[in-house]
Amino acid sequence: MISYKLSTRIAVIYVLTAMIGMRVAAQTVAITGGKVYPVSGPPIENGTVVITNGKITAVGANVPIPAGAQRIDATGKIVTPGFVNSSTQLGVQEVAAVNDTRDMSARAKDNIAAAFTVWEGLNPNSVMLAPARKEGITSFVIIPTGGLVAGQAALVDVVPGTTTDMIIRAPVAMVAEVGDPLSVGLSSRGEIIVKLRELLEDTKFFQTHRDAFDRAQTRPFAASRLDLQAMIPVIEGKLPLIITVDRASDIDAAMRLAREYNVKLMIGGGAEAWMMADKLAAARIPVLTGAMNNIPAGFAALGQRQENAGLLRKAGVPVALIGNAGGGDEEAFNVRNLKQEAGNAVSYGMTWDDALRAVTLAPAEFFGASDRVGSLQPGREGNVVIWSGDPFEFTTRAEHVFVRGREYNDKTRQDLLIERYRNLPNTHNNPPME
């Protein structure tokens with residue numbers, strides 16, 4: 001009986017909390033007086049952003065404020081869209097050393113897991129989500145890892161609820177890895193490209209001979225039925241293929257493969273992409289890269305340099321900044337450091353405007369969600385951040401973070417640690433330990 005009462009109370013509390021959250025999301029918020037960066041247009045001095053029922057309804061310098069709106073004075077502050085981190089294992093990896101918390105990889109035959117939908121393993125209650133959101137990350141892409149073809153990626157919002165509640169769009173890309181033959185059970189880089197070409201050829205054949213396949217009247221394929229089926233949107237040019245690769249020659253090989261099969265290619269990592277900048281720009285191939293490290297992560301990245309992102313943008317290459325491009329600790333808890341990636345990129349030659357676009361509208365465009373996130377425009381989701389100053393300065397804080405129109409300021413583990421050790425006991429008069 002006690003257990004039943006307790007479970008009933010918990011259920012009631014959950015429902016009440018959900019209802020409160022719905023009311024908060026449904027209210028009208030007017031952010032006034034700040035310098036607004038819509039990204040999709042020029043900055044607005046003394047601008048106003050109005051959010052109603054979770055959506056942006058007005059942006060401008062002389063916007064009428066609806067009656068009863070909650071006003072937030074952003075005078076002297078900077079207002080931007082919420083940041084989008086385009087390459088993370090957030091929510092599918094909690095503790096790197098504990099296998100039970102690692103859900104970003106699939107065990108696949110011949111290292112091909114094209115059918116793997118990584119977001120099915122997303123933990124909406126991950127303790128890593130709140131710290132990322134607190135630093136202005138309102139959306140992120142979950143990227144699968146491991147194998148030659150790791151699987152499909154998804155774009156989600158950092159909101160409470162179920163995985164279904166969080167998803168913006170899925171899938172948004174297929175992910176493959178090129179560069180380390182041993183990691184995929186092969187002997188050389190050339191063999192990797194052969195395997196990818198075989199997979200693409202088999203997908204084309206499977207697409208046009210599915211009836212024969214169902215009657216078991218076709219030759220053996222390099223992948224399973226589900227994997228071949230998942231690859232069809234890739235060869236149709238409907239689903240981008242992210243190839244994670246660093247060496248310039250490997251990037252060149254990936255580009256040849258994409259041309260040959262009319263694949264919509266993106267480069268992930270791209271330590272030496274600056275060497276291929278003109279060719280990447282001509283082909284309009286986006287690069288997802290970072291700016292935190294100039295130390296080679298291996299022989300495939302000897303040309304690593306922090307000017308990479310700036311040089312790519314200068315050449316006209318579409319760029320999204322990410323936090324796991326060989327720039328040091330790539331654990332999920334560092335997804336929040338995206339603003340440092342952008343700040344470093346600016347320090348090493350990228351323009352400020354390009355850096356802001358590279359963490360907002362650019363990734364939204366790459367992954368087919370610019371109609372929902374990445375900019376401050378009427379009709380877009382109310383993913384808005386008010387910064388205490390330049391968002392790319394180390395000491396700047398995200399003072400207000402809205403996701404789908406609801407403000408979040410929940411305490412994180414980091415906050416609790418700060419509070420715990422803010423006022424240490426006075427040990428000045430205590431004798432030293434012998």
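Start by selecting Gly268, which stands opposite Leu288 in E12. You are looking at a predicted model.

**The sheet**

Colour strand E11 (residues 265–269) and strand E12 (residues 287–289). The two run parallel and are joined by two bridges. Now bring in the rest of their sheet. This open sheet has eight strands, in the order E6-E7-E8-E9-E10-E11-E12-E13, and its pairing is mixed. Go to the edges next: strand E6 (83–88) and strand E13 (319–321) each pair on one side only. Averaged over the sheet, with direction ignored, neighbouring strands are turned by 25 degrees against each other. Strands of a sheet pair through backbone hydrogen bonds, either parallel or antiparallel.

**Helix H7**

Select residues 248–261, helix H7. H7 lies across E10 and E11, and runs at about 160 degrees to E11. Its 14 residues reach 20 Å from the first C-alpha to the last, close to the 20 Å expected at 1.5 Å a residue. Show the side chains of the buried residues: Ala248, Asp250, Ile251, Ala253, Ala254, Met255, Leu257, Ala258 and Tyr261. An α-helix has 3.6 residues a turn, so residues three or four places apart point the same way. What covers the buried residues of H7? The cover includes H4, H6, E10, E11 and helix H8 (277–283). Step past the end of H7 to Asn262, where phi is positive, near 55 degrees.

**Helix H6**

Move to helix H6, residues 225–235. Its buried residues are Asp227, Leu228, Ala230, Met231, Ile232, Val234 and Ile235. Strand E8 (149–157), strand E9 (167–177), helix H4 (189–208) and helix H5 (210–214) are among the elements covering them. Strand E10 (241–245) and H7 also belong to that cover. Gly237 follows H6, and its phi is positive too, near 75 degrees.

**The core**

Select Val149, Met174, Ile267, Leu280 and Leu321. These have the most contacts inside the largest nonpolar core, which has 92 residues. Which helix gives the most to this core? Helix H7 does, with eight residues. Apart from this core lies another, of 21 residues; Ala173, Ala320, Ile322 and Ala369 are among them.

**Two loop stops**

Jump to Ser375, in the loop between helix H12 (361–366) and strand E14 (384–387). Is Ser375 buried or exposed? Its relative accessible area is 2%, under the 20% cut-off, so Ser375 is buried. Leaving aside neighbours within four places in sequence, Ser375 is in contact with Pro38, Ser40, Ile56, Pro81, Leu361 and Arg380. Show the side chain of Gln377 as well: a polar contact of 3.0 Å joins it to the side chain of Ser375.

Finish at Gly316, in the loop between helix H9 (308–314) and E13. Gly316 has a relative accessible area of 24%, between the 20% and 50% cut-offs, so it counts as partly exposed. Which residues does Gly316 touch, not counting those up to four places away in sequence? They are Ala281 and Arg284. Draw a C-alpha to C-alpha distance from Gly316 to Arg284: 8.2 Å in space, for 32 residues apart in sequence.

Notes
Residues numbered from 1 in each chain as written. Predicted model: local features only at pLDDT ≥ 70, side-chain atom pairs only at ≥ 80, totals over all residues. Heavy atoms only, no water. Core = buried A, V, L, I, M, F, W, Y, C linked by side-chain atoms within 4.5 Å. Buried < 20%, exposed > 50% of the residue type's maximum accessible area, 1.4 Å probe, protein only. Helix = DSSP H or I, 4+ residues; strand = E, 2+ residues; numbered from the N terminus. Polar contact = N/O pair within 3.5 Å; in protein donor to acceptor, adjacent residues only side chain to side chain. Contact = heavy atoms within 4.5 Å. Pairing = 2+ DSSP bridges. Axes fitted to C-alpha atoms, helices over the stretch in contact; angles between N-to-C directions. Expected span 1.5 Å × (residues − 1).
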